[in-house]
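Please open the structure in your viewer and keep the sequence beside it. The tour goes from one selection to the next and says what is found at each stop.

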Amino acid sequence: MNVKLLFGCCTAVVVAGTLVAAAGSEETQKTKGTDGRLFGALVPVLRHPRCLNCHSTGDFPRQGDDGHPHTMDVRRGSTGIGLTGEKCSTCHQDHNLAGPHLPPGAPGWRLPTATMPMIWQGRSDSEICRQLKDPQQNGHRSLEQIVEHMTSDKLVLWGWNPGEGRAPVPLSHDEFAARVKAWAAAGGPCVAPMKQR
């Protein structure tokens, strides 16, 4: 066997392998650089009271910018629309009622269901991201359906027009929608979990 030929082939394989590894490493660095940033860009909205008041711990909604428990002592119920005598729609219509401290409203006013409460309160950004992407925790939605929910659902859109006396979410809807779509287009990367010290 020709030793020069064998050595040349091995060198080519090693060089090609090194180039592939280097290219993969460079791509990994690009992706790693965006992991936290893409989802992190959504967090100011997701952690705002307009979202967190319904995605909070407990079997009840919260209200106000301070997230206090609902003053009418409303409970989630199995479907997220309240219990028999206290349905969300008793007070919350498909639109905001005019005037300060009057019930806000949007079509489909509800909490997430009892079997899939979508609680974000007390969770890390990384945990929320993984929850949003996991069909077993997100209402059996695909990433595309999550994008649609976060950018088009009228109940979510209410956060940008919450009625008199309530602060809207901190980004414009167009900016938030663009950020959600960019995150999804990248495959929905999540923030790396924080290392324990």
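Start by selecting arginine 179, which is partly exposed, with a relative accessible area of 25%. Note before going on that this is a predicted model. Arginine 179 is found in helix H7. What does arginine 179 contact, leaving aside its neighbours within four places in sequence? The answer is Ala41, Leu42 and Leu171. Glycine 40 and arginine 179 are 139 residues apart along the chain, yet their C-alpha atoms are separated by 9.6 Å.

**The whole chain**

Zoom out and colour by secondary structure. The chain has seven helices and four strands. Read from the N terminus, the order of elements is α-α-α-β-β-β-β-α-α-α-α. The chain has 197 residues, of which 33% count as buried. Among contacts in the chain with a separation of 6 or more, 56% are between residues 24 or more positions apart.

**Helix H7**

Select residues 173-185, which make up helix H7.

Next, pick out the buried residues of H7: Phe176, Ala177, Val180, Trp183 and Ala184. These residues are on the same side of H7, because they cover an arc of only 125° around the axis. Then step past the end of the helix. H7 is followed by glycine 187, which has a positive phi, near 95°.

**The largest nonpolar core**

Select Phe39 and Leu132. These are the residues with the most contacts inside the largest nonpolar core, which has 24 residues. Which elements give two or more residues to this core? They are helix H2 (43-46), helix H3 (49-52), helix H4 (125-133), helix H5 (143-152) and helix H7 (173-185).

Stay on phenylalanine 39 and show what surrounds it. Not counting residues up to four places away in sequence, phenylalanine 39 touches Leu46, Asp125, Ile128, Cys129, Leu132, Trp183, Pro189 and Val191. Another core, of five residues, lies apart from the largest one; among its members are Cys88, Trp109, Leu155 and Trp158.

**The cysteines**

Select cysteine 129 and cysteine 190 and show their side chains. A disulfide joins them, with an S to S distance of 2.1 Å. The link between cysteine 129 and cysteine 190 is left-handed, with -80° about the S-S bond. Cysteine 129 lies in helix H4 and cysteine 190 in the segment after H7, so the pair ties together parts that are 61 residues apart in sequence. Cysteine 129 is buried, at 0% relative accessibility. Cysteine 190 is buried too, with a relative accessible area of 14%.

How many disulfides are there? The count comes to one. Cysteine 51 counts as buried, at 15% relative accessibility. Then select cysteine 91: the closest cysteine sulfur is in cysteine 88, at 9.3 Å, again too far for a bond. Cysteine 91 is partly exposed, with a relative accessible area of 36%.

**Two histidines**

Select histidine 70. It is in the loop between strand E2 (68-69) and strand E3 (82-83). Is histidine 70 buried or exposed? At 18% relative accessibility, histidine 70 counts as buried, since the cut-off is under 20%. A polar atom of its side chain lies 3.0 Å from the backbone nitrogen of methionine 72. Not counting residues up to four places away in sequence, histidine 70 touches Pro61, Arg62, Gln63 and His92.

The last stop is histidine 149, in helix H5. Show aspartate 153 as well: the side chains of histidine 149 and aspartate 153 make a polar contact (3.3 Å). Not counting residues up to four places away in sequence, histidine 149 touches Arg141 and Val156.

How values were computed. Residues are numbered from 1 along each chain as its sequence is written. This is a predicted model: local features need pLDDT of at least 70, side-chain atom pairs count only at pLDDT 80 or more; totals for chains, interfaces and linings use all residues. Side-chain values use heavy atoms; hydrogens and water are left out. A nonpolar core is a set of buried Ala, Val, Leu, Ile, Met, Phe, Trp, Tyr and Cys residues joined through side-chain atoms within 4.5 Å. Buried means under 20% relative accessible area, exposed over 50%, partly exposed in between (1.4 Å probe, protein chains only). Contact means heavy atoms within 4.5 Å. A disulfide is a pair of cysteine sulfur atoms within 2.5 Å. The arc is that of the directions from the helix axis to the C-beta atoms. A polar contact is a pair of N or O atoms within 3.5 Å; within protein, one must be able to donate a hydrogen and the other to accept it, and residues adjacent in sequence count only if both atoms are side-chain atoms.
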